[in-house]
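Here is a protein to explore together. Take a look at the sequence and the 3D view, then read on for a guided tour.

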Amino acid sequence: QDGTFQGGTPHLERLRRLDAWAQKSGCTIMLDTFLLPEAHVFPADDVMWGKYPTGQFQYAARDNHALARKFLVPLLKHVTLDLGLASVRWFNIINEPFCYGVFETPGNSPDAFAHYAEMYRELRTALEQSDIPAGRIQLAGLDLIYFFKREAMQELIRKHDLAGILDGLT
């Protein structure tokens, strides 16, 4: 309800079973939350409902610092340390941002891509300050290949200095 991570869900039980299979099969899992907890995003408004009347949208996180510390790092700590899911090695915060109404900001303020880059910087900092061993989780992001040309994506990475934050692109 308040955006704080809560364990013990059926989704985490499925992830535990998938991890057991992945470990036996020599596979790696990239965890992706798909969307963000509603408590952490800008509230929906008439503009978004007008652009996406089916409700298939989600604004960006209101406070990247709080998102990283209240939800993302506790989730990763639970998965890696509490549950010991060894095959979960990669993490992508949000699926397909900037596509079909995911991770927009109200009136593009703050700039959505700059805000996205800040979200990853906040997560990287919070991970470094956590009990999760350095390098245990690799950060992946962007999910933009379908919608952006390679040159445009590289320019966004340079402009927002994501090369030192992300370990890989999705």
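## The order of the elements

Starting at the N terminus, the elements follow the order α-β-α-β-α-β-β-α-β-α-β. That comes to five helices and six strands. Both kinds are DSSP runs numbered from the N terminus: helices are H or I with at least four residues, and strands are E with at least two.

Before going on, keep in mind that this is a predicted model: local features need pLDDT of at least 70, side-chain atom pairs count only at pLDDT 80 or more, and totals for chains, interfaces and linings use all residues. Residues are numbered from 1 along each chain as its sequence is written, and side-chain values use heavy atoms, with hydrogens and water left out.

## Overall shape

How does the radius of gyration of the protein fit with a compact globule? A compact globule of 170 residues would come out near 15 Å, and the protein has 16 Å, so the two agree. (The radius is taken over C-alpha atoms, and the globule rule is 2.2 Å times the number of residues to the power 0.38.) Along the principal axes, the C-alpha atoms fill a box of roughly 45 × 35 × 30 Å.

Of the 170 residues, 44% count as buried. Buried means under 20% relative accessible area, exposed means over 50%, and partly exposed is in between, using a 1.4 Å probe and protein chains only. Now take the contacts (heavy atoms within 4.5 Å) with a separation of 6 or more: 75% of them join residues 24 or more positions apart.

## Surface and charge

The protein exposes about 9100 Å², and carbon and sulfur atoms supply 53% of that. These areas come from the Shrake-Rupley method with a 1.4 Å probe; for residues, only the protein chains shown count as cover.

As for charge, there are 17 positive and 21 negative side chains, and the centres of the two sets lie 6 Å apart. Lys and Arg count as positive, Asp and Glu as negative, while His and the chain ends are not counted. Each charge is placed at NZ of Lys, CZ of Arg, CG of Asp or CD of Glu.

## Around Thr 105

Find the loop between strand 4 (102-104) and helix 4 (112-128), and you'll find Thr 105. Is Thr 105 buried or exposed? Its relative accessible area is 4%, so it is buried. Leaving aside neighbours within four places in sequence, its contacts include Phe 42, Tyr 59, Ala 60 and His 115. Ala 61 is 44 residues away along the chain, yet its C-alpha atom and that of Thr 105 are separated by 8.4 Å.

The Thr 105 side chain also reaches the backbone oxygen of Pro 110 at 2.5 Å.

## His 78 in its helix

His 78 belongs to helix 3 (residues 64-82). At 15% relative accessible area, it is buried. Not counting residues up to four places away in sequence, it touches Phe 5, Gly 7, Gly 8, Leu 12 and Leu 83.

Its side chain makes a polar contact with the side chain of Asp 82 at 3.2 Å. A polar contact is a pair of N or O atoms within 3.5 Å; within protein, one must be able to donate a hydrogen and the other to accept it, and residues adjacent in sequence count only if both atoms are side-chain atoms.

Phe 103, in strand 4, is not a glycine but has a positive phi near 70°. With 0% relative accessibility, Phe 103 counts as buried.

Glu 96 has a positive phi of about 45°, and it isn't a glycine either. Glu 96 is in the loop between strand 3 (88-92) and strand 4, and at 28% relative accessibility it counts as partly exposed.
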